[in-house]
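Visitor: I'd enjoy a guided look at this one. Could you take me through it step by step?

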Amino acid sequence: MHNIIGSGSLAIFLGGVVAFLAFVPFVAVSYRRRGRLSFGRTLLWAGAAVYFWAIWTYTLVPMPDSDAYRCAGRNLRPFQFVDEIRDAVAVSGRYLTDPVVLQVALNVLLFVPLGFFLRVLGGRGIVVAGLVGLAISGIIETTQLTGVWGLFPCAYRVFDVDDLIANTSGALLGSLVAFAVPRKHRGLEKSPDAEIPRPVTRGRRVLGILCDVVGIGLLGSGVAVALQAALVLLFDDPGRTGDLASAVGTGVGAVVWLVVILGTGRSVGDLATRVRYTNGVLPTWLARVLRFLTGAGAYTVLEGLPAPWSLLSVVLLIATIALLFAWRDGRGLTGWIGRRRLVDDREGVVSPITR
């Protein structure tokens with residue numbers, strides 16, 4: 001039970017990391033393929049990320065301790081599980097709860113989500129589901145057979161051709177189960193209504209802000225980690241280079257956001273969620289500078305400044321949250337100062353408005 005919980009926790013953690021890293025691209029693709037971000041489809045993709053890691057953690061983890069290592073055998077005879085089930089049930093009399101029966105059933109069920117996700121999220125049919133299921137199961141079994149490709153002197157789990165059969169059957173079954181999902185919700189094809197403008201709501205605005213915060217944070221952190229690693233290799237003094245790497249990472253993130261806003265008039269979050277500001281009372285260049293100064297880029301820079309200047313980031317955050325609820329479209333500071341509102345970028349050109 002401890003191993004099952006540990007493998008599940010590891011799969012959830014790794015799936016969460018992948019989902020976090022893919023958050024901004026996922027939002028952008030969703031708005032362009034589906035016209036919006038669907039809560040149900042988001043859960044499916046998050047579930048697929050966790051499931052991908054669960055396949056590996058449940059079949060390969062935990063690794064054995066070197067002191068307690070024992071070589072496992074192998075089964076190369078197809079459908080041996082039929083004889084094993086018959087013999088086990090003859091002794092126990094339990095057709096549904098016998099451990100041998102449950103083992104086969106779990107091997108089938110483990111790959112049912114694979115076929116389901118391939119059809120619902122990938123638009124792939126039963127043939128692809130079977131081939132992918134066989135391929136992934138083959139990789140797993142071969143990894144076990146070779147002792148994780150030579151990491152161990154011999155297999156630490158049984159290589160079983162019946163597992164290939166059960167896993168592939170599970171993928172095929174999952175592909176059939178996916179027919180229960182309406183056709184319009186399956187596959188990667190662009191929705192017919194993807195280009196229909198939709199109202200800009202506070203929820204959509206919050207999603208855009210999250211894209212900006214996550215995106216600039218990931219970019220800055222990635223640059224900082226890479227630079228820190230390079231500086232440590234060069235100077236072998238992480239204590240002196242950490243602040244420099246952090247500052248450079250913050251600066252690079254802010255500059256990228258500034259360039260995007262000056263070039264498009266919109267932040268990365270605005271682009272991802274397909275919103276734009278209407279024209280207002282300010283010149284275009286000044287409105288774009290203001291968009292940066294009231295967004296995640298400026299907040300990141302202010303937060304990195306020494307006190308008391310860093311307190312300005314708190315002021316900006318409070319003002320952003322307060323003004324987010326002042327208007328239904330969540331236009332914020334830049335909309336308030338420039339007298340602009342937020343609209344879907346699929347709408348036509350909108351004339352300036354006044355308040």
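Guide: Gladly! One term to begin with: a helix here is a DSSP run of H or I with at least four residues, and helices are numbered from the N terminus. Please keep in mind that this is a predicted model.

Visitor: With that in hand, in which helix is the place of L286?
Guide: The run that holds L286 spans residues 284-293. In the numbering, that helix is α12.

Visitor: How far apart are the C-alpha atoms of L286 and L164?
Guide: Along the chain, L286 and L164 are 122 residues apart. L286 itself counts as partly exposed, at 31% relative accessibility.

Visitor: Is N167 buried or exposed?
Guide: N167 is found in helix α8, residues 161-177. Its relative accessible area is 5%. Buried means under 20%, so N167 is buried.

Visitor: Which side chain does the side chain of N167 join in a polar contact?
Guide: Leaving aside neighbours within four places in sequence, N167 is in contact with N107, F111 and S137. A polar contact of 2.8 Å links the N167 side chain to one of these residues. That partner is S137.

Visitor: Are α6 and α8 roughly parallel or roughly antiparallel?
Guide: The residues that meet include S137 and G138 in α6, and N167 and T168 in α8. The two axes come within 8 Å and cross at roughly 150°. Angles over 145 degrees count as roughly antiparallel, so that is the relation of α6 and α8: roughly antiparallel.

Visitor: How many charged residues does the contact of α6 with α8 have?
Guide: Among the residues that meet are E141 in α6 and D163 in α8. By class, the contact of α6 with α8 divides into 7 nonpolar and 7 polar residues, and the number of charged ones is 2.

Visitor: Are α3 and α6 roughly parallel or roughly antiparallel?
Guide: Helix α3 covers residues 39-60 and helix α6 covers residues 126-145. Their axes come within 11 Å and cross at roughly 30°. Since angles under 35 degrees count as roughly parallel, the word for α3 and α6 is roughly parallel.

Visitor: Which residues in α3 meet α6?
Guide: On the α6 side, the residues are I136, I139, I140, T143 and Q144. By class, the contact of α3 with α6 has 6 nonpolar, 3 polar and no charged residues. From α3 come I55, W56, T59 and L60.

Visitor: Which residues does V50 touch, not counting those up to four places away in sequence?
Guide: V50 is found in helix α3 and counts as partly exposed at 24% relative accessibility. Its contacts, with that exclusion, are A11, I12 and G15.

Visitor: What is the phi of F79 near?
Guide: Most residues other than glycine have a negative phi. F79 is found in the loop between β1 and α4, and its phi is positive. The value is near 65°.

Visitor: Is R274, which also has a positive phi, buried or exposed?
Guide: R274 lies in the loop between α11 and β3, with a phi of about 60°. Its relative accessible area is 11%, and under 20% means buried. R274 is therefore buried.

Visitor: What is omega for the cis peptide bond that joins A307 and P308?
Guide: Most peptide bonds are trans. P308 has its place in the loop between α13 and α14, and the bond from A307 to P308 is cis. Its omega is about 5°.

Note on methods
Residues numbered from 1 in each chain as written. Predicted model: local features only at pLDDT ≥ 70, side-chain atom pairs only at ≥ 80, totals over all residues. Heavy atoms only, no water. Helix = DSSP H or I, 4+ residues; strand = E, 2+ residues; numbered from the N terminus. Buried < 20%, exposed > 50% of the residue type's maximum accessible area, 1.4 Å probe, protein only. Polar contact = N/O pair within 3.5 Å; in protein donor to acceptor, adjacent residues only side chain to side chain. Contact = heavy atoms within 4.5 Å. Axes fitted to C-alpha atoms, helices over the stretch in contact; angles between N-to-C directions. Parallel < 35°, antiparallel > 145°, perpendicular 65-115°, else oblique. Nonpolar A, V, L, I, M, F, W, Y, C, P; charged D, E, K, R; others polar.
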